[in-house]
Every structure is written in C-alpha cells, then in structure tokens.
Amino acid sequence: MTLKELYDAGTDVLDENGIESPETDAFYLLEHVTGIGKSGYLLRKNEQISPPAESAYMELIETRARHVPYQYITGEAPFMGYMFKVTSDVLIPRFDTEVLCEKAAELTLEGSRVLDMCTGSGCIAVSLKCLCQSAAVTACDISGKALAVAAENAKLNGADIEFIQGDLFENLDHRKFDIIVSNPPYVMNGEYEALSPEVKDHEPRLALTAGDDGMDIYRRLIPEAAEHLDAEGYLMMEISFSQAEGVKTLMEKSGFEDIKVIKDLAGLDRVVMGRIC
C-alpha cells in the first residue's frame, strides 16, 4: 500500500464513522506514525509504506473512529506555539483560549506575580512563563492528576512554575498577585449531554461543568480573586459566549473596574477582564 492509499483508507474509515474532519485527522495521525509532514507527503505519496507502519496507522485510525480525540491518541497538543502533553486527566488546549493567554501576556510586566487558576494541562501558565521569563508564575488546580501533567509540561518547555493543589484559593493563604488568569469550568449541566462524543465521553467532566447555569465557579472565583489581587491587579477569565453579562455583574459586585469583554476570532465573547480598585 502506498502512503496515499493508506491516507485515503484512513480518511474513509473516519468519514464512515462520523468524524467531523476526517481528512485533517487522518493526516495528523499519518504524520504521527510516519513523521512525514505535508510537503514530504506530496513528494512521497506514491512510496510503499511498511506493513508495521500500516498496521500502526490503522490501529490509531480505529481508535479515532471511536471518537477518541486525536490529541489523546498522539498524547500532545499545540498552544501558543509550544507543545503540550495531554492525557484524559486534562482538557485539550483550545485555540480560542489563546485569546485569554495573549491578553494576559500583554499585561505581564517584569517581575509580575501571576496566578493561573484551574490550570489543567498548564498550557496558560507555561506559555506565560515562556513569554515573560521574569514573571513569577503560580499554577493551581483541584486535580492532582492534572497538576502532574502540568508539571511535566513545565519541564518539557523549560518553565519554572510553582504548582499548588487546592479547591480554588484554599491553599494560597493570604498571598497576593498582580494578575489572576483562569479558564474555569463553565459548561451548563443541561448542555453537557449535547456536547460532542469527543468531549463528553473523553475529556474530564470536572474541568467542564459548573452547575445548572455554568456560573458556579465564577460565583466563588471572582470574590476570592478580589481578595488575592494587589491594588490595580487584573482578573481575566475565559467564558462561554452567553455568560459575559453575568460575569460582568459578579465582577462589579466584587469591586472590579474597567471591565471589558474580549471577543475571539469568531466574533464570540470569550474573555472578561477587570481591574481591582
């Protein structure tokens, strides 16, 4: 079987099983197995593939056909130009979250104390540390398994980060920060069953849902963050496209000013940020 024939076979299997982007995912898995990128594929697509590589590829295709995200299959995902290890203990980093990370990086100054709350894979914390080497970055999560993955990602990318396990701020005592950034759980319980199988059946629910209206974590996070920010410090959080007004109201009640809503590249509300008085 040639490289092209193998790729076509993988694409067909994914398409038959309702995978949303069969061509794209089939190629990601082909590149993972063979190490051949797009330009190399065009030059070598008529080469014969070895039987072991063929078997390995089709095994991964069958796994993807069961709607296991390809990032969990390959064990890695990109974010902000860096590569991160991902397992089923953490959410897969999303491109939309880069909006949050980019805005935090803009405000991170030399020596800034930054807290990434609900860090998951550590993609935000690690990226901020790599982009702003002089910042003191702390990452917190309730899940010890998630923190273990985040610590591996910090090592992988050469980022010196402090990791703390706890339910929001419970183990941060009276520490203060200049910036608190968070991509917390915000999916409504009623929306959960309607999520794609890739998300619902494979990504950790603990990192996804937050009560009937998806606002449970914000109700706790925002007032507690206000107590852990120095004067003029910033809180910025990822949100669902429908949560901007509710999150803004919570921030106003906790004393935040200059509250802004930032849209993602699709034009949807994605980040709410504000400054504590």
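This is a predicted model: local features need pLDDT of at least 70, side-chain atom pairs count only at pLDDT 80 or more; totals for chains, interfaces and linings use all residues.
Residues are numbered from 1 along each chain as its sequence is written, and side-chain values use heavy atoms, without hydrogens or water. Local features need pLDDT of at least 70, side-chain atom pairs count only at pLDDT 80 or more, and totals for chains, interfaces and linings use all residues.

**Aromatic pairs**

The structure holds five aromatic pairs. Rings of Phe, Tyr and Trp (its six-membered ring) pair if their centres lie within 6.5 Å; planes under 30 degrees apart are stacked, over 60 edge-to-face, the rest tilted. Two of the pairs are set out here.

| Pair | Centre to centre | Angle between planes | Type |
|---|---|---|---|
| Tyr7 and Tyr41 | 5.6 Å | 70 degrees | edge-to-face |
| Phe27 and Tyr41 | 5.6 Å | 85 degrees | edge-to-face |

Phe27 lies in helix H2 and Tyr41 in helix H3, so their pair ties together parts 14 residues apart in sequence. Helices (H or I, at least four residues) and strands (E, at least two) are DSSP runs, numbered from the N terminus. Ring pairs join Tyr7, Phe27 and Tyr41 into a cluster. Tyr7 and Tyr41 are both buried, that is, under 20% relative accessible area with a 1.4 Å probe, protein chains only. Phe27 counts as buried at 8% relative accessibility.

**Second largest pocket**

Residues lining the second largest pocket include Tyr28, Glu31, His32, Tyr70 and Met83. A pocket is an open set of points on a 1 Å grid over the protein atoms alone, where a 1.4 Å probe fits, with protein on both sides within 12 Å along at least five of seven lines; lining residues have an atom within 4 Å of a point.

Conventions
Buried means under 20% relative accessible area, exposed over 50%, partly exposed in between (1.4 Å probe, protein chains only).
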